[in-house]
Amino acid sequence: MCGLEIQVEAGVVTGIRGNRDDVWSRGHLCPKGVSLGAVHHDPDRVRNPLIKVDGEFREVSWDAAFRRCTELLTPVIEKYGIGAVTAYTGNPLAHSFSLARYAGVLMGMSGMPVTYSPGTVDQWPKNLSSHLMYGLWWNFPVPDIERTDLLVIMGANPAASQGSLLAAPDVMGLIDGIRKRGKVIVIDPVRTQTAAQADEWLPIVPGTDAALLLAVAHTLFAEDLVNPGPHVDGCLDGLETMRDVAAAWPPERVSDVTGIDVDTIRRLARELAGAGKSVVYGRIGLCNQEFGSLASWMVDVINILTGHFDTPGGAMFPKPAAWSITTQPLPGLEGGLPEFGRWHTRVRGAKEVLGQAPVSCMTEEIATPGEGQLKALITVAGTPVLPPPGGDKLDEVLPMLEAMISIDLGVNETTRHADVILPGLSPLEQPHHDDLILLFAIHSIANYSAPVFDPGDRPHEWEILIRLTGLCTGTPAEDVDVAAIDDGFFDYLAFTRGVDGAELRTLYDAAGLKGGPERILDLTLRTGPFGDQYGKNPGGLTLDLLKANPNGIDFGPMVPQLPDILGTPDKKIRLAPQYLLDDLPRLQARMQRPAEQLVLVSRRHLRSNNTWLHNVPALMKGKDRCTLLIHPDDAARCGVSDNDVVTVKSEAGEIKVPVEITDAIKPGVVSMPHGWGHGKPGTRMSVANSSPGANTNALSLPTFVDEPSGNGALNGIPVTVLEDQARFEAAPTG
C-alpha cells in the first residue's frame, strides 16, 4: 500500500525509496517494498511454464502447458468427479492485482465443493466473531491508532508485521505518538520489539487471553464502569446477558492461570474505561490459539463496554474507497447466522465454518482411500507444506495426487511436487490498487500504480484462473472462452451493486477497457462510497480520476458508521452470540488444567515475516533468525546453553533448532518464527535454501484447533526441549 519511487536503468531496478508525496504513506516503506526489485530480478523466479517430464521440470510454451493441464485434470474429473479436486489459495491473494479480484472465479464457479486457504491458520476467529456480532464476515473494527490516547495490544507485533488486520502508514511512528500523549500496553508472552517500545509489558500465559478479558469485563460491570455511549446503546443487543456471563469471571479466578495479578487486571479495566480515547487491539496471537474465537470476540466486547466503539480514537469500521469482492455475503449465511457444519470433512468430520474447514484436513483427505478421496490439487500463490499444522505430513502425501497444478512464481517446498507450474507476473509487471487490505485501513484512500515493466503477451493470473475454472467445468483449458467468463463475472458483480453489467460493458468497450481487473476496479471505485455512480454523482471517484492523481486520493480518517454498516437483520450488534457462549465451558475446563512446563508460541520478524522474503539476499543477511527463544530459568532447567542445537519435541513431531537465551520471554514459554523449513530436494530457492531453518508447524497437532472456528492453534503447544545428543557426541574434544 505504500507509495514507492522506483528507479530503473536499462531495464534494471537500481533503487526503491518511499514516495514522500504519497497521500497514504508519505515516504514510509517496509522491507517488502524495498525488496520488489529483488523479487522481480530473482534468477530463481519462474518466468515460463514448467511441466514435469520423468521427474524433472521442463520449460514449455503456454499452449503446451494448458494442454498438459487438460491432459492431467480431465481424466481425474471423468473418473472421480469434481469432488476429487480441490484448491489451496495463499495469502498473496490479498496483495495481487489479478488474484485478489479473480480467485473467487476459481473457487466459486469451478464446482469444487471444498477449497482450502491459510485463513484457518490466521484470522478465521476474527471472521467468525465479526460475522456473529455484526453480520459482516470481512469487516472488522480496527483501532484508530492515529487518534487514540491508550492502546492495549494483545498478541500482535506491529513492529514486525506493520499492522495485521490494521493498515496504517508508519505504524510504529503512530504508536510512538500515542506514548507521547498517553500510554501503550502490550500483553504478550514474548517481549517483542513492539513490547520493548511500549510503556508496559504484561507477559501472559499463552491461550488465556479470553479469560483475562472476561475478568476485565467483570471489573467493568462490578465497578459500574460500563458505558457503551448513546450512539451504540440504540443498536446493542445482549448487554444484560454479557453482565451475567462476566459475573462468573472475577480477576481472582483467572489471575493464577493467566499470570496477570488481580490488581493489574482491575487497573487495566479502570484505565480503559477512564481514558477519553482508548482501544484494545488483538491479533494473530489471539486468533492462533485454542480459544481464538472467544479472545477475538472479547476484544470487541471490551471496546464496546468502555464506550470506545465506532468513535474516533476507539475501534472503528473503515470505509474503503473501493469495495472488495471478498466481502460478498456467503449464500445461506446472510445476517450473521451461526448455521455452520452445513457439511463435514470426509475423514475427520471437521465442520464447515464460513465455507472453510481446517486446512490441516487436506493431508488426510489426500492420504485416506475411499469415496471422495482427493486426487487433484490446484495451488494458487501458496505453499501449504509450510504454514499449516502438520505441513510436513502434507509434504509426504502430495506425491499421491494424480494431478497437481500450481500458479506460482517459484519452485518451492510445495510446487516442487506439481506436474505443471504456471507462473504469474512479478509485482512490478502488473498494476496495483489494494483490495482486501483497504478494509482494515485507518483512512479511506485510493491509489493506483501502473506497471513498471511490460510483461509482453504472457497471460496474467486472472486469465490463468479463468482457464482452469473452465477446465474444471468440462472445457479444455486451451479452448476456454476467457472473455465470455470474464464478462459473466463482471455482470454478476455489477448486479450485486444494482447496475446492469451488459449495458456497462458497451461503455467500457467503447473506451477500450474490454475486460480484466482494471474494469472490475473501475466498477468497485464508481459504486463505492465516494464513486461517481456512473454519472449520478458528478465529480465522484473513477479509475480515470485516480490515474490523474498518481500520489493517490485520501478521503479522510474513519468516521462513525453505526447502525448503517451492520449486516444483521435488525441492525443491532449481537454482544453475546449464543454460539460463542456455548464455548465457555471449554474455557472453564482449561482453568482447571495443570500448567505445562513449556509451551511453544510463534513469532514474526520484520525482514522475514513471509516465506517468499526468504529468497531476497538483502533481507537474509545478518544473524540466524530461525532460533528458539528460551528464558534463562528454563534453559538452566533443560541443561542447554546459548547457541546449542536442541531437539524440540511435541506430540506431533520434533525439530532441531539453535537456542537463543533471553529474558525477553515469559518463563515456561519458548518461541519459534514461522515460515521456515527450506532446503528440500528439488526446490529452486538458492538464497532460502542456504539458511533453511526448521518448520515449527511440524510440532503442531492438526487436531489442536479453536473449536468454534476450526482455526489451527499454533500457540500454546506443549513441548519439551532436549540438547541434541548426537551433536554433543560429535563435538571435538581436548
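Author: Strand 5 (residues 85-89) runs parallel to strand 13 (residues 376-380), and five bridges join the two. Two strands are said to pair if DSSP finds at least two bridges between them. Strands (E, at least two residues) and helices (H or I, at least four) are DSSP runs, numbered from the N terminus. Within this pair, Val 85 is set opposite Ala 376 of strand 13.

The model is a predicted one: local features need pLDDT of at least 70, side-chain atom pairs count only at pLDDT 80 or more, and totals for chains, interfaces and linings use all residues. Residues are numbered from 1 along each chain as its sequence is written, and side-chain values use heavy atoms, with hydrogens and water left out. The predictor's confidence in each residue, pLDDT, goes from 0 to 100. Here the chain averages 94, and 98% of the residues score at least 70. Over residues 726-734, however, the pLDDT is below 50, and this stretch has four contacts in the model beyond near neighbours in sequence. A contact means heavy atoms within 4.5 Å.

Back at strand 5, five of its five residues are buried, so the strand is largely enclosed by the rest of the structure. Buried means under 20% relative accessible area, exposed means over 50%, and partly exposed lies in between (1.4 Å probe, protein chains only). Val 85, Ala 87 and Thr 89 are buried on one side of strand 5, and Thr 86 and Tyr 88 are buried on the other, which leaves both faces covered.

Elsewhere, four strands make an open sheet with parallel pairing, in the order 9-8-7-11. Strand 9 (200-202) and strand 11 (278-282) have a single partner strand each, so at these edges one side is left without a neighbour in the sheet. On average, neighbouring strands of this sheet are turned by 15° against each other, direction ignored. Strand 8 (residues 183-187) and strand 9 run parallel and are joined by three bridges, with Val 186 opposite Trp 201 in strand 9. Helix 13 (residues 262-274) packs on this sheet, where it touches strand 7 (150-154), strand 8, strand 9 and strand 11, and its direction makes about 135° with that of strand 8. Axes are lines fitted to C-alpha atoms, for helices over the stretch in contact, and angles between N-to-C directions run from 0 to 180 degrees.

Helix 7 (residues 171-181) also meets strands 7 and 8: its buried residues pack against strand 7, helix 6 (158-161), strand 8 and helix 8 (193-196). Val 171, Met 172, Leu 174, Ile 175, Gly 177 and Ile 178 are buried in helix 7.

Asn 139 sits in the loop between helix 5 (124-134) and strand 6 (142-143). Its relative accessibility is 17%, so Asn 139 counts as buried. Leaving out residues up to four places away in sequence, Asn 139 touches Ser 130, Phe 317, Thr 327 and Leu 439. Asn 127 is 12 residues from Asn 139 along the chain, and 8.1 Å separates their C-alpha atoms.

Leu 722, by contrast, belongs to strand 27 (residues 720-723) and counts as partly exposed because its relative accessibility is 42%. With residues up to four places away in sequence not counted, Leu 722 touches Val 646, Thr 647 and Lys 649.
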